[in-house]
Amino acid sequence: MKTRGQISIKDVVKIYNPDGAAVMAVDHCSLEIAAGEICMIVGPSGCGKTTLLNAIAGFHSINGGSIHMDGEMLCGPGKPKASPGSDRIVVFQNGALFPWKNVLDNVTFGPVMQGKLTAAEAKEKALSMMADAGLSGSENNYPGELSSGVRRRVEIVRALMNDPAVLLLDEPYRALDSLTKTVMHEALLDIYYKNKVTIFFITHDLQEALFLGNKVAIMTSRPCKPKKTLIVDIPYPRSYSVVTDKRFRELMEETSEAVHEEAKKSFAAGEREG
Amino acid sequence: MTTSSNVTFAIKENKLLSILLRPRLYLMLIGFLIFLAFWHLAVDVWKLPRFSQMPGLFTVLQELTNPNPVYGLSVYTAEYYTHIIASCIRVFVAFALATALGVPLGLFMGWSTKIREYLFPVFEMLRPIPILAWVPLAIIMFTSLEAPVIFLAFLASFFVTTLNTMLGVESIDESYFRAAQCLGANDRQVFIHVVVPGAMPFIFTGLQISIGVCWFSLVAAEMVSGQYGLGYVINNSYTNVRYPTIIIGMVTLGFVGYITSALVRMVGNRLMQWRMREIAMSNN
């Protein structure tokens with residue numbers, strides 16, 4: 001088991017203060033994520049899941065509590081905002097491959113910018129990682145020429161090029177159709193078996209969460225905190241046939257009520273997509 | 001082997017054919033024909049009242065292609081090209097200066113809130129002042145003959161370029177900045193690899209408008225002062241009652257202006273291969 005990428009979130013509070021009307025997005029949220037674990041965060045749209053991700057990534061400050069990674073404080077008392085770094089890489093909801101760079105230049109961007117590898121070394125590493133992910137042949141294409149499924153895979157490879165401790169995925173498959181999604185899930189697990197990186201994955205799709213996750217945290221609607229956390233005791237490697245297994249269905253039943261409850265609350269509160 | 005080369009050939013042939021069969025080409029020709037026919041009919045056939053002083057289509061064509069032009073200017077006279085070249089050089093200098101100063105300024109204004117807060121209000125106050133209002137000041141400031149004209153063309157172009165570049169930076173999706181940060185890029189690298197290429201589509205849209213207003217204000221300036229140039233030709237022909245030459249000046253301006261903005265577009269397309277391919281994909 002990898003020793004990098006253990007995250008502990010303690011009593012994190014985030015209050016947005018637009019126009020003086022304080023909105024509590026995250027309320028005393030605590031969550032432990034073991035190194036090398038896939039932790040799925042499930043919750044209704046706009047519940048504050050992304051706020052939590054932004055706090056870990058260092059895009060936003062927090063108003064209380066602390067987040068530690070591998071024993072080091074990312075943010076907390078005296079340091080409200082974590083500094084973004086290549087040990088925690090985000091894969092964005094709408095994808096953020098640079099459309100003006102071809103696939104190879106996108107994938108090598110991290111190590112080349114940081115001066116960790118020369119362009120030639122980065123290219124070699126990129127080509128072998130892309131071959132591993134079944135992406136050979138697309139290195140000279142621009143992102144706009146690829147299907148959205150392929151773009152997501154490229155973006156994950158771009159992240160892994162930096163050997164991150166944790167991958168932060170913000171509903172990366174939201175815009176994909178359900179057939180492409182199943183392919184993407186298996187591809188992500190494949191990558192996970194090879195790299196054993198910690199994955200923090202936000203979704204509102206419960207089946208996706210149970211299929212991919214080792215740990216699933218179901219969040220309350222705003223303000224956000226874990227309502228129910230469970231360990232999915234289905235061993236990896238998982239194939240898609242798992243979803244029809246008895247244990248999977250039991251877990252679905254166990255959790256879907258909780259998710260539905262929060263979805264209704266969120267709907268009643270008139271939360272918009274966010 | 002034979003089959004594959006035959007196939008390529010067939011595709012090429014089809015491409016040429018498809019260009020020739022494209023309705024766009026014929027619609028464009030018909031559009032021009034309607035315009036020219038109306039001109040001819042209005043002046044020479046119907047003799048509409050407002051058109052009584054206007055030179056007819058064939059009068060202008062004859063003058064334009066006359067080796068010994070009645071009013072002194074045709075494609076056979078060296079003077080014609082002197083005027084074109086004079087205007088082109090001024091536009092080139094003004095446009096190049098405006099681009100060299102406007103693009104970096106716009107990039108910094110878009111990127112840094114502080115710079116924007118310093119400069120944008122001043123900028124927004126100066127921008128709506130019509131270029132013609134600058135004429136007296138330009139003449140007072142610059143003593144030579146060329147400089148005021150170039151200054152005026154530069155000014156109009158500069159405002160457009162700077163503003164569009166700034167908007168271009170503001171249009172870049174926040175997630176690209178965040179992705180670059182995650183991947184360990186420092187500020188300078190973010191500027192080079194995100195800000196500049198991300199703003200590029202807006203910059204080139206801006207440059208196309210910019211070269212248009214550059215011509216526009218150049219001609220206005222040439223009509224006020226100057227000894228050469230197409231604006232001077234138009235104004236001078238008006239004073240000296242050489243009406244066909246006015247039209248020659250106008251048509252030439254339209255033609256040269258079209259070529260310059262096509263050149264800007266070509267450079268933009270070359271620099272933004274990614275965009276061209278994206279557009280090509282979405283059309284399929």
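Where in chain A is the place of Pro237(A)? Pro237(A) sits in the loop between strand 10 and helix 8 (246-268) of chain A. In this predicted model, Tyr236(A) and Pro237(A) are joined by a cis peptide bond, with omega at about -10 degrees.

**The open sheet of chain A**
- Six strands of chain A make up an open sheet with mixed pairing, in the order 6-7-8-3-9-10.
- The edges are held by strand 6 (88-91) and strand 10 (226-231) of chain A; each has a single partner strand, so one side of each lacks a neighbour in the sheet.
- On average, neighbouring strands of this sheet are turned by 15 degrees against each other, direction ignored.
- Strand 3 (residues 38-42) and strand 8 (residues 198-203) of chain A run parallel and are joined by five bridges.
- Ile41(A) has Ile202(A), in strand 8 of chain A, as its bridge partner.

**Positive phi angles in chain A**
- Asp11(A), a residue other than glycine, has a positive phi near 50 degrees, and its place is in strand 1 (residues 7-16) of chain A.
- Because 15 other C-beta atoms lie within 10 Å, Asp11(A) is partly exposed.
- Asp70(A) is not a glycine either, yet has a positive phi of about 50 degrees; Asp70(A) lies in the loop between strand 4 (64-69) and strand 5 (72-75) of chain A.
- Asp70(A) also counts as partly exposed, with 16 C-beta neighbours inside 10 Å.

**The nonpolar core**
- The largest nonpolar core comprises 138 residues, and Ile56(A), Phe200(A) and Ala153(B) have the most contacts inside it.
- Helix 9 (residues 187-224) of chain B supplies the largest share of this core, 15 residues.
- Beyond its neighbours within four places in sequence, Ala153(B) is in contact with several residues, among them Arg90(B), Val91(B), Ala94(B), Cys214(B) and Leu218(B).

- Helix 2 (residues 23-45) of chain B has 23 residues and reaches 31 Å from its first C-alpha to its last, close to the 33 Å expected.
- Of these 23 residues, the number buried is one, so helix 2 of chain B lies largely in the open.

Definitions and conventions:
Residues numbered from 1 in each chain as written. Chains lettered and ligands numbered in written order. Predicted model: local features only at pLDDT ≥ 70, side-chain atom pairs only at ≥ 80, totals over all residues. Helix = DSSP H or I, 4+ residues; strand = E, 2+ residues; numbered from the N terminus. Expected span 1.5 Å × (residues − 1). Buried ≥ 20, exposed ≤ 12 C-beta atoms within 10 Å, placed from the backbone. Pairing = 2+ DSSP bridges. Axes fitted to C-alpha atoms, helices over the stretch in contact; angles between N-to-C directions. Core = buried A, V, L, I, M, F, W, Y, C linked by C-beta atoms within 7 Å. Contact = placed C-beta atoms within 7 Å.
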